[in-house]
Each structure stands twice: as C-alpha cells, then as structure tokens.
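Hello,

I am handing over the structure shown below. My notes follow it.

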Amino acid sequence: MELDRDQLVTLYRLMLRARKLDELMVNGLKTGKMVGFYHSGQGEEAVPVGACTFNLREDDYVYPHHRGHAIGFTLARGVSPKTFVAMHYGRVPRDVEGPTSEQRGIFGISGTIGGAFPMALGWALTAKMNARSQVSICFFGDGSSGRGTLHESMNMASVMKLPVVWVCENNLYGQWMPIKDAFPREDIADLAHTYAMPGVVVDGQDVLAVHEAVRVAVQRAREGRGPSLVECKTYRYRAHAEGMPDVSHADPRPNEELEAWKQRDPILLFRNKLTERGIFDPDEAERIEAEVEAEVSALDEYAQQCPYPEIQDPAILDLLLYAGGEEVRS
Amino acid sequence: MREISYLGAINEGIGEEMERDPKVYVIGEDVTTSAFGITRGLVQRFGQARIIDTPISETAIAGAAVGAAMTGYRPVADFMFADFMFIAADEILLKAAKWRFIHGGVQRLPLVFMAAMGGYAMIGPEHSQSPEGIFMHTPGLKLAVPATPYDAKGLIKAAIRDDNPVVFLYHKGMLGFKGPVPEEDYVVPLGRAEVKREGSDVTVVAVGMMVHFALGLAEELKDRISVEVVDPRSLEPLDIETIVASVRKTGRVVVADEDTSRCGPAAEIAMQIMEQAFDDLDAPIKRIAAANYPIPAGLMERFVLPQPADLKAAIEALAG
C-alpha cells in the first residue's frame with residue numbers, strides 16, 4: 001500500500017525521535033539523571049515504527065519488548081514520551097497529555113524474556129471474543145526463540161486461529177549469545193511452517209519493507225484468517241544493557257560487523273531514500289532533526305522538574321496491590 | 001437444607017457465575033470432560049467458546065488468562081493438579097501477581113487459577129502437593145482453600161467476582177464429601193475465617209483436609225478436651241483477627257496444614273499469633289504439617305503427610 005508524503009515523513013520523524021530519546025537515556029545513565037538500567041534499541045528503530053505506524057487501530061493490542069524500553073512503540077502509538085522520560089529519571093510524570101500506553105493496548109514489558117507470548121495469546125483470545133476485528137501483535141527478540149512459551153503460544157494461537165501477528169526483531173544476539181549458536185536454522189521465520197501460518201523474512205533496516213510485511217499480516221489477522229510470523233533482520237548497536245560487556249559469547253563483538261550495519265542504519269537509509277525520491281523539501285531533513293533535538297531537550301528539562309515519588313499514606317500500596325479493596329462485587 | 005458434594009458445589013458455583021456474567025469462561029486442559037469433574041457438563045450449557053479445551057500448555061493457559069483478564073474478561077484457568085501450576089510460575093507469580101502493582105494500579109486482573117491440591121490418594125510426589133505456601137508468600141495473589149461444600153461454592157463464586165487474581169485450591173481427597181449448600185445465591189467472602197466448632201481448651205487452626213481431621217478429633221476427645229476448630233478458608237487475605245480471638249480464649253493452639261512444614265502456611269500463621277497474642281499463650285504453639293520431604297507414592301505417603309494421630313498427639317500434649 002502506497003504511503004503518502006506526510007505519512008513517509010511521519011515514519012522518518014518517529015524513527016528519529018526514538019533514536020534521540022534512546023540517546024538521551026544512554027546519556028542520562030552516564031550523568032546520573034536516570035535511575036535503574038537501560039537496554040538501548042539504537043539501530044533497530046525501523047521495526048517498531050514500520051510495524052506499528054499506519055497498520056494498527058487504537059483498540060489493537062501491542063506487546064513491545066525491552067529494546068529502547070519500548071520507546072519506538074509508544075511513540076508510534078501516539079503516547080506522549082513525557083511519561084517515558086520522567087519515569088526513567090525516577091520521577092512522577094506531570095501534565096501528560098494524550099492517551100496512556102494502556103489506552104493504546106500496550107500494557108507493559110515483561111521482565112522475563114519470552115514471558116509475553118502467553119499474554120499476547122490472551123489478548124488475541126479477547127480480540128476473537130470481542131469480534132470487532134481487533135488484532136494482537138507481539139514483538140520478540142531472537143533470544144526468546146529458545147523459550148517454551150513461544151511454542152505453547154504459537155501452537156495454541158494457530159490451533160485456535162487467533163488474530164495475532166508475531167514479529168521477530170532479530171538483532172543477531174541475545175544478551176551475549178549469538179543467535180547462530182542458539183537457533184538451528186538461519187531464519188526464525190521457518191517456525192511458521194510448523195505452526196501452519198505464513199512466515200516472511202524482511203530487511204529490518206528498511207522501514208517500508210517492515211511496514212508492508214506487517215500490514216499484510218495484520219490484514220490477514222483482522223479478516224479472521226489466523227496468525228502470521230514476520231521476521232525482521234536487524235542489528236543492535238550497543239551492549240545488551242548500558243555498562244555491561246558488549247560481547248559475542250566471551251569475545252568482543254567484531255567492530256567491522258557493527259560498522260557494516262551502521263552503513264545500513266535505518267534512519268540514514270530512509271533519509272537517503274526520501275531525499276532521492278524528492279519527498280523531502282530542501283533542508284527538510286535538517287529542519288526535522290533540529291525540531292526533534294529541541295523536543296528531546298525540552299523533555300530532558302521537563303523531566304528534571306518532575307517530583308520524586310513520595311508516599312504520604314502507606315495504604316496507597318494496598319490500593320496498588322489489589323483492585324477494589326476487600327469488597328466482593330455482588 | 002439439601003446436601004450436595006464438594007465437587008458438585010464447585011461445579012454449580014462456576015455454572016452460576018457463567019450464567020450471571022458472559023465475560024466468565026473456563027480455559028484449561030480437557031475441561032469439557034474435566035479430570036476431576038469440576039467443570040463436567042458445563043460445555044453442554046455454555047458451548048466450546050466458553051469451556052475451552054487447550055493443548056497441554058500450562059504457560060499459555062495461565063498467561064492467556066492474565067492477558068484476557070487485562071482486557072476485560074474473567075477467565076477461570078484450570079490446571080487440573082496444583083503441582084502443574086509450577087510450570088507457569090512466570091505467568092502466575094510474576095505476571096498475574098505483579099502487573100497491577102508495577103503499572104501503577106491501572107490494571108484489573110479478575111481471574112481465577114484453579115487446581116486440585118492435596119494428598120492421601122497415594123498418587124505420588126508430583127500429583128499430591130498442597131502448594132499453598134508459595135502463593136501465600138507472593139504479594140498480589142489471593143488464595144482460597146475451602147474445606148466444605150458450602151465454603152467451596154461460596155469461595156469459587158467470590159473468587160470469580162473478585163477483580164484480582166485468586167488461586168482457588170480444592171482438595172482432591174474431599175470431592176465426594178457432602179454437606180448443606182443453599183440453593184439461593186451466596187458468596188463466602190475472601191478473608192473471613194469460620195469457627196467450625198466451638199471449644200474452650202485448645203484451638204486448632206486447620207486448613208483444608210486438616211479441618212476434617214480436627215473436627216473428627218474434637219468429637220473423639222470431647223469428654224476430655226474441649227477443642228475449638230478455626231478454618232481460615234482463605235489464606236490471603238488471612239483473617240488473623242478471628243484466629244487470635246480464639247487463641248485469646250483457649251490460650252493453646254495447634255496450627256495444622258498439609259503443605260510442607262518449612263516456610264509453610266502453618267509457620268506464617270503461628271508467627272502472626274505469636275506477634276499478636278504472645279501474652280495470651282499458656283503453652284508454645286504447635287505445628288502439624290507435611291514433613292520436609294517429597295511426598296512418596298503409595299504406602300510410604302503416610303510417613304510424610306500429616307496424620308490424624310499427629311494432630312491428636314499435639315492436642316493432647318497442649319491440653320496435658
């Protein structure tokens with residue numbers, strides 16, 4: 001399906017925003033603004049942005065993953081990045097406009113790899129029961145192809161013909177385990193044959209290729225024709241988590257591998273394409289870059305003004321733990 | 001009042017809640033026939049869209065229930081044997097238990113994880129456990145452990161209506177036990193203990209099958225020792241007030257539970273009694289639970305699981 005000029009520019013801008021916000025987090029850890037840990041998604045922006053933008057409805061369910069702490073997904077779903085930045089800075093977001101991630105079908109990120117497959121199955125079951133042509137789309141890394149939850153969920157989804165799209169963001173490495181030593185075939189998409197669903201491999205650096213492959217899979221799910229598997233080949237620029245070793249098994253990842261992938265950076269490739277096709281006006285790329293940098297800088301300022309969490313009344317923890325107090329609905 | 005079985009009471013409770021709320025459904029392995037009969041006959045009333053047979057996939061069953069609950073349904077996930085719930089530890093202990101809390105309380109997870117617990121059937125270590133301790137230990141899960149048909153029906157209905165994850169463990173050794181169950185709608189609220197028999201000398205806090213051991217012994221010993229039997233009925237929330245009130249009256253208490261002794265519910269309840277009613281105790285608290293070994297199959301089982309004789313000795317020693 002042909003995207004119009006504005007849509008193409010939107011894809012570009014979303015990828016750039018995801019990249020710059022990721023860089024803000026990496027920098028925030030170094031400078032002590034950010035608390036906790038961070039799993040960078042730099043180099044993989046074409047997957048969330050290409051897959052989720054202009055393909056999904058507001059009432060679809062999306063499982064992102066931990067790369068970039070889902071920033072590419074929440075941006076693509078129209079969720080304000082204020083929450084993302086403030087919470088990574090350990091603060092309570094204030095004055096957030098627009099939908100929450102829950103209102104766009106993003107319920108969280110599993111702390112266990114492969115822990116999301118069964119939940120995405122549950123959302124697909126809900127979608128089927130609701131009978132409103134919703135879909136559940138579940139992103140996962142190459143590393144989670146080792147999990148039994150993948151088999152149980154893909155198998156059950158196919159048996160029940162549920163409206164789910166499985167998208168593998170294959171960046172060639174688990175934490176430190178190269179996928180070539182963790183999966184016996186070249187393509188994870190080959191699993192599709194076992195589970196009797198279509199499976200395709202696409203260039204994960206090409207945002208339009210990702211968009212089109214996922215569009216076809218989403219359409220199929222919406223029409224009640226069952227699940228599909230899309231594998232996007234991509235590459236992780238940084239270590240699994242900031243500050244951790246950046247290795248393949250126990251050896252440093254080869255620099256020439258990283259440099260070769262950076263030649264095919266998804267943002268760079270798309271910028272060149274839009275320039276060559278004459279989509280971008282002269283200086284438009286620079287203007288967008290300046291706008292995004294200004295947005296990110298403002299978010300950095302905003303988040304530092306947000307308050308740290310305080311608990312006035314310990315009973316608030318009970319309200320977080322259980323819905324409805326101890327009352328039984330009758 | 002009519003008398004029906006513990007099994008029939010649970011079955012009736014699930015059926016009533018499915019009639020009452022179209023968002024309730026059952027998902028699990030072979031639930032249309034149901035190994036214990038818990039959901040048998042419901043597919044004929046509600047169809048396969050609401051009594052859903054799955055492949056053997058415990059993580060998918062549990063996780064799908066979590067996802068479905070998050071998006072507006074009220075699934076009852078059936079694991080057959082409670083031992084099989086360990087397969088889905090991520091989905092039960094991490095996702096169901098934590099996701100509301102860690103996402104700022106915006107999610108509601110109205111779901112039931114249902115399974116048969118308990119021994120005395122001599123069917124071995126991976127089909128006989130009473131894994132109450134691990135669920136009671138995990139913040140975010142409620143836990144119902146009914147001992148009578150009345151409580152079983154009332155608690156399964158309360159569990160289904162609750163907006164939170166509830167682990168509902170029914171005892172496979174009590175399926176045929178009969179008792180009075182009203183025909184009209186009622187629930188047994190989670191977090192409310194019941195004094196099953198009043199007494200004045202020794203309190204027995206008894207869970208599941210231990211309730212029946214305790215009631216039998218209370219009758220047997222009644223001419224010598226007046227035994228009060230308190231059944232917590234749910235272990236989270238735990239009605240410690242009712243337990244402590246009984247202990248203040250008798251001054252002597254045995255806590256009896258079928259889970260492993262070490263770090264089991266009996267250990268936790270005993271500690272809470274000590275914290276709240278130490279000055280009312282006339283003797284050290286006694287604990288009756290499974291010995292710290294796997295549960296053997298066959299006749300060896302009795303060397304590990306708590307026996308009525310163990311409970312009797314504890315009561316007599318306290319009353320001594």
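The notes cover chain B, from its domains to one strand.

This is a predicted model, in which local features need pLDDT of at least 70 and side-chain atom pairs count only at pLDDT 80 or more, while totals for chains, interfaces and linings use all residues. Residues are numbered from 1 along each chain as its sequence is written, with chains lettered from A and ligands numbered from 1 in the order in which they are written.

Chain B has domain 1 (3–180) and domain 2 (194–319), with bounds from an automatic or database domain assignment. Taken over C-alpha atoms, the centres of these two domains of chain B are 26 Å apart. Their contact takes 26 residues from domain 1 of chain B and 27 residues from domain 2 of chain B; residues are in contact if their C-beta atoms, placed from the backbone, lie within 7 Å.

Between the chains, 40 residues of chain B and 33 residues of chain A are in contact. α3(B) gives the largest share of the chain B side, 10 residues. Helices (H or I, at least four residues) and strands (E, at least two) are DSSP runs, numbered from the N terminus.

Strand β5 (residues 111–117) of chain B is largely enclosed by the rest of the structure, because 7 of its 7 residues are buried (20 or more other C-beta atoms, placed from the backbone, within 10 Å of a residue's own). β5(B) pairs in the parallel sense with β4 (residues 74–81) of chain B over 4 bridges, and with β7 (residues 165–171) of chain B over 7 bridges; pairing needs at least two DSSP bridges.

Regards

Note on methods. Contact = placed C-beta atoms within 7 Å. Buried ≥ 20, exposed ≤ 12 C-beta atoms within 10 Å, placed from the backbone.
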